[in-house]
Amino acid sequence: MSATDGAAPARLVAWVHGHVQGVGFRWWTRSRALELGLTGYAANKPDGRVHVVAEGMEGACRELLALLRGDSTPGTVDLVVDIWEPARGDLTGFVER
């Protein structure tokens, strides 16, 4: 890794599968994202998944992804599907939807 790794803006789109609704998962995700200086949202979907969109420095986004896949989340995470996009700069704050 070079000194510039993780220093560019990025957008993480994550689809979190498992028992992640009704357990404080969106609140927990919002708290972690704000600690990392990220903007975006965490939204419950009708199929039981949580859709997370986070934007900021790539390194911080990768930290959030690692937390989403970690063992300290509320509920039970079975799978996290991540998609990386260029930062758009169209998000403010981090909200629960």
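Analyst: Let's start with a term: a salt bridge is a side-chain nitrogen of Lys or Arg within 4 Å of a carboxyl oxygen of Asp or Glu. The model is predicted, local features need pLDDT of at least 70 and side-chain atom pairs count only at pLDDT 80 or more, while totals for chains, interfaces and linings use all residues. Residues are numbered from 1 along each chain as its sequence is written, and side-chain values use heavy atoms, with hydrogens and water left out.

User: What makes Arg11 and Glu85 a salt bridge?

Analyst: The closest N and O atoms of Arg11 and Glu85 are 3.8 Å apart. The cut-off is 4 Å, so the pair qualifies. The two residues come from distant parts of the chain, Arg11 from strand 1 and Glu85 from strand 4, 74 residues apart. Helices (H or I, at least four residues) and strands (E, at least two) are DSSP runs, numbered from the N terminus.

User: Which residue does Glu55 form a salt bridge with, and how do you know?

Analyst: The partner of Glu55 is Arg11, with the closest N and O atoms 2.8 Å apart. That value is within 4 Å, so this pair also meets the definition. Here strand 3 supplies Glu55 and strand 1 supplies Arg11, 44 residues apart.

User: Are Arg11 and Glu55 buried or exposed?

Analyst: Buried means under 20% relative accessible area, exposed over 50%, and partly exposed in between (1.4 Å probe, protein chains only). Arg11 has a relative accessible area of 5%, so it is buried. Glu55, with 7%, is buried because that value also falls under the cut-off.

User: Why are Glu85 and Arg49 called partly exposed?

Analyst: Glu85 has 25% relative accessibility, so it falls between 20% and 50%. Arg49 has 23%, so it gets that label as well.

User: What makes a set of residues a nonpolar core, and which members of the largest one touch the most others?

Analyst: A nonpolar core is a set of buried Ala, Val, Leu, Ile, Met, Phe, Trp, Tyr and Cys residues joined through side-chain atoms within 4.5 Å. The largest one has 19 residues, and those touching the most other members are Val16, Leu38, Val50, Val52, Leu64 and Leu68. Strand 1 (9-19), helix 1 (25-35), strand 3 (50-57) and helix 2 (58-69) each supply at least two of its residues. Helix 2 gives the largest share, five residues. Another core, of six residues, lies apart from it and includes Trp15, Ala43, Val53 and Leu91.

User: Why does Thr29 count as buried, and what does it touch?

Analyst: Thr29 has 0% relative accessibility, which is under 20%, so it counts as buried. Thr29 lies in helix 1. Contact means heavy atoms within 4.5 Å. Setting aside residues up to four places away in sequence, Thr29 touches Ala42, Val52, Leu64, Leu68 and Phe94.

User: Why does Ala14 count as buried, and where is it found?

Analyst: Ala14 is found in strand 1. Its relative accessibility is 0%, so it is buried. Beyond its neighbours within four places in sequence, Ala14 is in contact with Val50, His51, Val52, Leu68, Val80, Val81 and Asp82.

User: What makes Leu79, Val81 and Ile83 a patch?

Analyst: Patches are made of residues with over 30% relative accessible area and no salt bridge; like charges are joined within 9 Å, and nonpolar side chains (Val, Leu, Ile, Met, Phe, Trp, Tyr) within 5 Å. Ile83 has 37% relative accessibility, so it passes the 30% cut-off and counts as partly exposed. Together, Leu79, Val81 and Ile83 make a nonpolar surface patch of about 220 Å². Ile83 is found in strand 4 (residues 76-85).

User: How do you know how compact the chain is?

Analyst: The chain has two helices and five strands, running β-α-β-β-α-β-β from the N terminus on. The radius of gyration is taken over C-alpha atoms, and the globule rule is 2.2 Å times the number of residues to the power 0.38. The chain has a radius of 13 Å, close to the 13 Å that the rule gives for 97 residues, so it is as compact as a globular protein of that length.

Conventions. Accessible areas come from the Shrake-Rupley method with a 1.4 Å probe; for residues, only the protein chains shown count as cover.
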